Structure formats: C-alpha cells, structure tokens
Amino acid sequence: MSEFVTHSREETVLLAEKFSKTLKKGDVIAFFGDLGVGKTAFVSGVSKGLGCLEAYSPTFAIVNDYGGEIPLIHFDMYRISTWEDLESTGYFDYLERGAIICIEWSENILNALPDGYIKIEITKTENENDRKIVITGANDENFSC
C-alpha cells in the first residue's frame, strides 16, 4: 500500500502521471471515492503519462477509449446496476483485449473486478483542495514519489 496527499488537481494529475509508468498491459485500476474527489483528474494523469488522448469524464458515454500504444480504456460505472447493464458496456471484451482499464465507481461492479486489480481510494481531507490517495495492489510496491 502507498499513501499520498495532494494539494491541488495539478498535483493529483502529476502523481498519476508518475504512477502510469508502473502500469503494464492488462492492468485494471478500480477507483473508489465520492463525487468530485478527483478520480477523473487521476485518470487524466494516467492518460498523459501513457501518451494517450486527454482524459475526460465518461459519465454519459459510460466508456472512453483514449488509444495509445497500450490502449487506455476509461469506464464510469455510476449508472451500472445490473449484470446486463455491465455486459452492454463491452467491459468484458475490453478485459480480454489487454488494455489498461480505469474504472470509476468500481463499487458498483465489485463482483466483476478481476483478480489482481489495483485499488485507488481518493478522499477529501479537512483542507478543501487536499486529497488523500491510497493505492493498493499489484504495482503499489514499485511506486513512490
């Protein structure tokens, strides 16, 4: 487990950009945290670090494909409540492609997360712009700032 505190959106993006260097084909990153804590900002940093298209919230599209040498796929599972909903997103097909997958609102699909996924919890702190970011999973032992 690795734990960090960032003090701005820009710091969150920079942390994620550094974290992206530890990722490999097939990694699944499951984000946990309330609305507005910076999950999409973190994905933006991952996207930047991997040299992909700029990330934005997939709330209405549910899934965004940012391309890249190793494709980066970004899911928003906020409105996913049934197995049929999940299947309709193409989630399982993307898992088989070996892309790097970032999933916001992962708590809605806990039973469908693959073994070995990377968990990133983001929470607000007492200071309005500060975020506590806890990374747990396969790559966290290789990551420090």
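W105 counts as buried, at 13% relative accessibility; buried means under 20% relative accessible area, exposed over 50% and partly exposed in between, with a 1.4 Å probe and protein chains only. This is a predicted model, where local features need pLDDT of at least 70, side-chain atom pairs count only at pLDDT 80 or more, and totals for chains, interfaces and linings use all residues. Residues are numbered from 1 along each chain as its sequence is written, and side-chain values use heavy atoms, leaving out hydrogens and water.

W105 sits in the loop between β5 (100–104) and β6 (118–124); strands are DSSP runs of E with at least two residues, numbered from the N terminus. The phi of W105 is positive, near 60°, in a residue other than glycine. Most residues other than glycine have a negative phi.

Now to T6, which belongs to strand β1 (residues 2–6). Its side chain makes a polar contact with the side chain of T12 at 2.7 Å; such a contact is a pair of N or O atoms within 3.5 Å, and within protein one must be able to donate a hydrogen and the other to accept it, while residues adjacent in sequence count only if both atoms are side-chain atoms. Beyond four places in sequence, T6 is in contact (heavy atoms within 4.5 Å) with residues including L15, N129 and I133.

What about disulfides, pairs of cysteine sulfur atoms within 2.5 Å? The whole structure has zero of them. The sulfur of C102 is 9.4 Å from the closest cysteine sulfur, in C52, so the two are too far apart for a bond.

Here are the buried residues discussed above:

| Residue | Relative accessible area |
|---|---|
| C52 | 15% |
| C102 | 0% |
| T6 | 4% |

Notes
Disulfide = S-S within 2.5 Å. Helix = DSSP H or I, 4+ residues; strand = E, 2+ residues; numbered from the N terminus.
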